[in-house]
Amino acid sequence: MIGSARALIDAVQAELAPRDDDNRLVPLVAKGKAAREVFAAIAAEEYRIVRSDWRSFLMLASRSQEQGAREFFAMLASGEGLALGKLPALVEESPGFEPRAGCQAYPAFVAWLALNGEPAEVIVAIVANFAAFGRYCAAIAAAMREQYGFDDEACAFFDFFGAPSPDLEDLAVRAVQAALDAGRLSEKDARTHARLFQAYELDFWNTLADDYRRD
């Protein structure tokens, strides 16, 4: 049993780390080997995902007993609202767009967590995956400029999620510690949520890698 929130989050992150490089899309984009159309596809998928996650995080905020957890999920929801405004520069969902199951499994899982997950355990899962997701977005933003010639406006969505958020992480640690102290957190369930969170995240990227690889 780990008594420190910081230690628990770090331990779960270390358990996930061996799979962080299983994302097949980021290396393709970094080398300019993904079709340019992949960015419009990401935007179309994310347009659905962001709206779903926004609602899911608000649901988690409403279900949270600790103030820190409520603030954490409210801040996440606010971030989704900001991110949504950065997608039109790439392209919003078009009439002919058909969402991919491999991409949309992720928000479906987050919605499941919003209804069924203990909020503090969900926080562990999200924060343990923060660093990898931030690296993916930062790498894509850099490659969009260097390999594909996109401007800052088009890269804004990835710049936003690629930037660190220490205030959000501090909130997370306080919320998880409060749940640990109150005996309202199962480390086993937190680890399960984190593992599935990572798996569905990788499904998102790898589904697009398979569809938009340019040899």
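Guide: Buried means under 20% relative accessible area, exposed means over 50%, and partly exposed lies in between. The model is predicted.

Visitor: Is arginine 100 buried or exposed?

Guide: Arginine 100 has a relative accessible area of 18%. The cut-off for burial is under 20%, so arginine 100 counts as buried.

Visitor: Which residue forms a salt bridge with arginine 100?

Guide: The closest N and O atoms of the pair are 3.0 Å apart. The partner lies in helix α3 (residues 38-63), while arginine 100 is in the loop between α4 and α5, so the pair ties together parts that are 55 residues apart in sequence.

Visitor: How many residues apart in sequence are the parts tied together by arginine 184 and glutamate 66?

Guide: These two residues form a salt bridge, with the closest N and O atoms 2.1 Å apart. Arginine 184 lies in the loop between α8 and α9, and glutamate 66 in the loop between α3 and α4, so the parts are apart in sequence by 118 residues.

Visitor: Is aspartate 152 buried or exposed?

Guide: Aspartate 152 meets arginine 145 in a salt bridge of 3.0 Å, N to O. Arginine 145 is partly exposed at 30%. The relative accessible area of aspartate 152 is 53%, and exposed means over 50%, so aspartate 152 is exposed.

Visitor: How many salt bridges does the count come to?

Guide: A pair counts when a side-chain nitrogen of Lys or Arg is within 4 Å of a carboxyl oxygen of Asp or Glu. By this rule the number of salt bridges is twelve.

Note on methods: Residues are numbered from 1 along each chain as its sequence is written. This is a predicted model: local features need pLDDT of at least 70, side-chain atom pairs count only at pLDDT 80 or more; totals for chains, interfaces and linings use all residues. Side-chain values use heavy atoms; hydrogens and water are left out. Helices (H or I, at least four residues) and strands (E, at least two) are DSSP runs, numbered from the N terminus. Buried means under 20% relative accessible area, exposed over 50%, partly exposed in between (1.4 Å probe, protein chains only).
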